[in-house]
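Q: Here is a structure I would like to go through term by term. Let us ask what each label rests on.

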Amino acid sequence: MASPQQLEYRNKCEFTFGYYHEVDSSAEGKEVKEELTSETPEIKADGENGADEKDSGVKIIKTPGVGFCASGWSGGVSRPHCCQNIPSEACGLVDIVNEFLRTSPIPPYDSSVHRGIWRTLTMRSSRRTGECMLVIMHAPPKGGAGALSDGSGDFTTSFESEKARLVSMLTAGDIPCPSRNYPPLVMKKVEEEKANAEEEKANAEDASSSGEVKLLPKIEFPAVPEHAKESLSVKVTSIYFQEFDGLSSPKPEHPVQVSLLTLVIIPLQFSFQSFDYAYTILCPRLLDITQHAYGKLALEEKLGKCSFQISPGAFFQVNTEGAEILYDFVVKQVKEVTSDPKQTLLLDVCCGTGTIGLTCMKEEVVGRVLGVDISEPAIDDAKRNAEKNGWPSDDVGGDSALVTTRFVASRAEQALASEMNEIRKGSFPIVAVVDPAREGLHGDVLRTLRINEKIQRLVYVSCNPTGTLVRDAAILCAPPTKKYPSLPFKPTFARPVDMFPLTNHCEMVMTFDRMQPDET
């Protein structure tokens, strides 16, 4: 199923700080050295600033900037403006940061020698709410892991003022949307996608008349997004700074807000039997060292009939319009087997911020949701999202007798077995939805889902349909064994959804129904 938005659909972009490598055509045929177009020092492998001799005989001008590593780590960074899946507001932010870097004394991070400061820029945005969140990752101001002992890479004295200047530039007003021209081949492919979608819709109508499948909703496919015709009003509403001193990339759970345990001196004085006593007590105290620098703590997004808040480290689908199509299929698959929605429990494995479970609640196809995810920030968001959309979670001020949503922060393989033991005590029907990362489901999760025969339908949302979905499907559908003694599942529905237009990747919604004894 094609995505409604074919161009500039990404709501999350991750850019790398580095140097633009541009060839000075006027120097062709001459043996010259590399030059920098900024006062910002380039970090050389030998610790010296300056230029390298090139055998090509052309001048390579290096300018500090932010973008994609299109040529690998050693080839510098490239501007994202030519990438048709990147929104214009992201390109506008890149232009602002580039302007900042041209006059900043603090250099980008060089991963080859682990020196420099600025590392990555992550952007989340919503065109529906006009909000934009930025997470700027940097090395410690005193220098990266490879900082020289002479202190030449220590920018402690200027870091705070430069950070404040960057925040001021990013929040000065609406994000500017630069003009962009897409290659003709891209526009041709968009038109082909539109024609294919119309043909698919016509085939669905023919099949629907014969009772084979239901009619799919009509979707429009604009060749050029509306915001390309007029400027969008998207503003930076949240900025975080994330300090990281590692050599590669931080884990997803690496905090943008950290705590420090320190000792506080507390003087005590009292009198007893005409004597005065004075004591000094050292007490541990937890101090928050927050790197939240500006605005709101979370981004707000609207998807379907629900509103969601998204924290910096939480997962959310990168194509909002495409996610609505994806979730619509999930809702329909759940609805088919919920004869009594109010009594039906949705087991949402790898639930993230609760988008699938809460969407099913809003569509009234289930009455309760139990969500499990490894990410604590995502689960915190899920609990607040439940409250925001009218269903207080178990620990967000809800009356225990009225609570219909519960979200657990834990590895699915650790939490699911104990949660299922409690679920089995009830008499309500259960439908499971799983939306794992590319690594697929853990073996223990597959076993728990397989052996609990109260789960008669399982809807699997996969971002790796040719890899881990195939592996997991084989386990779910295999004949009973000593390890998997219960009745297997069988695939009954599959629908690919183009969540990443103009790429070779897609998401797959596959439904598995429990087989009956006479089918084995």
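A: Start with one pair of residues in this predicted model. The bridge partner of L458 is F512, a residue of β18.

Q: What makes β16 and β18 paired strands?
A: Pairing takes at least two bridges between the strands. Strand β16 (residues 455-462) and strand β18 (residues 507-514) are joined by 6 bridges. They therefore count as paired. The two run antiparallel.

Q: Which strand order does the sheet have?
A: The order is β14-β13-β12-β15-β16-β18-β17. This is an open sheet of 7 strands, and the pairing is mixed. From one strand to the next, the twist averages 15°.

Q: Why are β14 and β17 said to stand at the edges?
A: Each has a single partner strand, so one side of β14 (405-409) and one side of β17 (489-497) lack a neighbour in the sheet.

Q: Which strands does helix α7 touch as it packs on the sheet?
A: Helix α7 (residues 412-423) touches β12 (345-349), β13 (368-373), β14, β15 (430-434) and β16. Touching here means heavy atoms within 4.5 Å. The direction of α7 makes about 170° with that of β12.

Q: How are two packed helices described?
A: By the angle between their axes and the distance between the axes. For helix α1 (residues 88-102) and helix α2 (residues 156-170), the axes come within 10 Å and cross at roughly 145°. The crossing of α1 past α2 is right-handed.

Q: Which residues make the contact between α1 and α2?
A: From α1 come L93, I96, V97, E99 and F100. From α2 come E162, R165, L166, M169 and L170. By class, the contact of α1 with α2 has 7 nonpolar residues, no polar ones and 3 charged.

Q: Why is E162 called buried?
A: Buried means under 20% relative accessible area. E162 has 9%, so E162 is buried. This residue lies in helix α2. Beyond its neighbours within four places in sequence, E162 is in contact with F100, S104, P105 and I106.

Q: Is E89 buried or exposed, and why?
A: The relative accessibility of E89 is 1%. The cut-off for buried is under 20%, so E89 counts as buried. E89 is found in helix α1.

Q: What makes the link between E89 and R127 a polar contact?
A: The limit for such a pair of N or O atoms is 3.5 Å. The side chains of E89 and R127 are joined at 3.0 Å. That distance is within the limit, so the polar contact is counted.

Terms used. Residues are numbered from 1 along each chain as its sequence is written. This is a predicted model: local features need pLDDT of at least 70, side-chain atom pairs count only at pLDDT 80 or more; totals for chains, interfaces and linings use all residues. Side-chain values use heavy atoms; hydrogens and water are left out. Axes are lines fitted to C-alpha atoms, for helices over the stretch in contact, and angles run from 0 to 180 degrees between N-to-C directions. Helices (H or I, at least four residues) and strands (E, at least two) are DSSP runs, numbered from the N terminus. A crossing is left-handed if the near helix is turned anticlockwise from the far one by less than a right angle, and right-handed if clockwise. Ala, Val, Leu, Ile, Met, Phe, Trp, Tyr, Cys and Pro count as nonpolar, Asp, Glu, Lys and Arg as charged, and the others, Gly among them, as polar. Buried means under 20% relative accessible area, exposed over 50%, partly exposed in between (1.4 Å probe, protein chains only). A polar contact is a pair of N or O atoms within 3.5 Å; within protein, one must be able to donate a hydrogen and the other to accept it, and residues adjacent in sequence count only if both atoms are side-chain atoms.
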